[in-house]
Amino acid sequence: MTASVIELKVTEEDRRVAWLAAAAVALALADAAIPSPLPGVKPGLANIVTLVVLLRFGWGTAVWVSILRVFAAALLLGHFLAPGFFLSLTGTVCSLATLGLARHLPARWFGPVSLSVLAAFAHIGGQLLLARLWLVPHDGLFALAPLFAGAALFFGTLNGLIAAKLLAENPVKAAA
Amino acid sequence: MPWHSLLRPGDWLVLAAGAAAVILSLPLLGQGGYAEKAVIRQDGQLFAEVDLRAPRRVEVPGPLGTTLVAVEPGRARVVADPGPRQYCVRQGWLARPGEIAICAPNRVSVQIAGRTRAYDSLSY
């Protein structure tokens, strides 16, 4: 019997996604280490990577990087398939969908900060809906909505500014 | 590079919309509104509507005896009841609109009411 070698073709795109997802996972872990006054209020630092990827490499790559980050971070943090994982997945799917629409906004007027804030609101909106439908089936949950919305505005702006700065300081190289 | 130079005109628009969303959602924080009065019922009939701004005690007569209701600014409770199991007394202070304590044996109930009716009733 001959030993069979399975060789996976790795494209440049695969490598790029892996690199970026790794960076996003590192930020997601840092995120989890930051103490939070209220479960669900987190800076969402990994979304900086999503924004940069979206604006530099397109929506498809951003989806790959984000979804990989959600799964890998959940495995590393030990909440894979736990409620927190589904909240995180829902938030990410909602914000990716929003980014998919918002990226068509005229770039001259709407920069990374707009995308970031819109995505942050979609993120928390999706999470609140899932939590209301599944985890806490009571409208009392929405009493926390202003706090979540405030956090989305604050951290969405912050992450957007960081992403904008990163993009501005690293202009696209002609060859890349 | 100054931070504000990273913002484009539309970004300010989105930020304003976001701030508006936060402000509009603020009333949700005090969900259910403020507790304004305690509605005391005897045998299903309205016995008294007590304003929750000033402390007061209300004695409600029933088939077993007198149920004593205490009112303080923003809250109310059943202090004493002739019923055998004392559920309504042990429920303690009621402060949110919709909260209710029912002294079934003596046919007395105390419910908090606010301007808006967020719930039909609340009990724990």
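Student: Which strands form the open sheet of chain B, and in what order do they stand?

Tutor: Strands of a sheet pair through backbone hydrogen bonds, in either a parallel or an antiparallel sense. In chain B, three strands make an open sheet in the order S3-S4-S5, with antiparallel pairing; strands (E, at least two residues) and helices (H or I, at least four) are DSSP runs numbered from the N terminus, and two strands pair if DSSP finds at least two bridges between them. Strand S3 (56-61) and strand S5 (75-80) of chain B each have a single partner strand, so each edge strand has one side without a neighbour in the sheet. From one strand to the next, the twist averages 25°. S3(B) and S4(B), the latter covering residues 66-72, pair over six bridges in the antiparallel sense. B:Val60 has B:Thr67 in S4(B) as its bridge partner.

Student: How is the model to be read, and what is the mean pLDDT of chain A?

Tutor: This is a predicted model, in which local features need pLDDT of at least 70 and side-chain atom pairs count only at pLDDT 80 or more, while totals for chains, interfaces and linings use all residues. Residues are numbered from 1 along each chain as its sequence is written, and chains are lettered from A and ligands numbered from 1 in the order in which they are written. Where pLDDT is low, the predicted coordinates should not be read in detail. Chain A has a mean pLDDT (the predictor's confidence in each residue, from 0 to 100) of 90, and 96% of its residues reach 70 or more.

Student: At what angle do the axes of H2(A) and H5(A) cross?

Tutor: Two packed helices are described by the angle between their axes and the distance between the axes. The axes of helix H2 (residues 46-57) and helix H5 (residues 112-135) of chain A cross at roughly 130° and come within 11 Å. H2(A) and H5(A) are therefore oblique to each other; angles under 35 degrees count as roughly parallel, over 145 as roughly antiparallel, 65 to 115 as roughly perpendicular and the rest as oblique. A:Asn47, A:Leu51, A:Leu54 and A:Leu55 in H2(A) meet residues of H5(A), among them A:Pro112 and A:Leu115.

Student: Where H4(A) and H5(A) are concerned, within what distance do their axes come?

Tutor: The axes of helix H4 (residues 83-102) of chain A and H5(A) come within 7 Å, crossing at roughly 140°. H4(A) and H5(A) are therefore also oblique to each other.

Technical notes. Axes fitted to C-alpha atoms, helices over the stretch in contact; angles between N-to-C directions. Contact = placed C-beta atoms within 7 Å.
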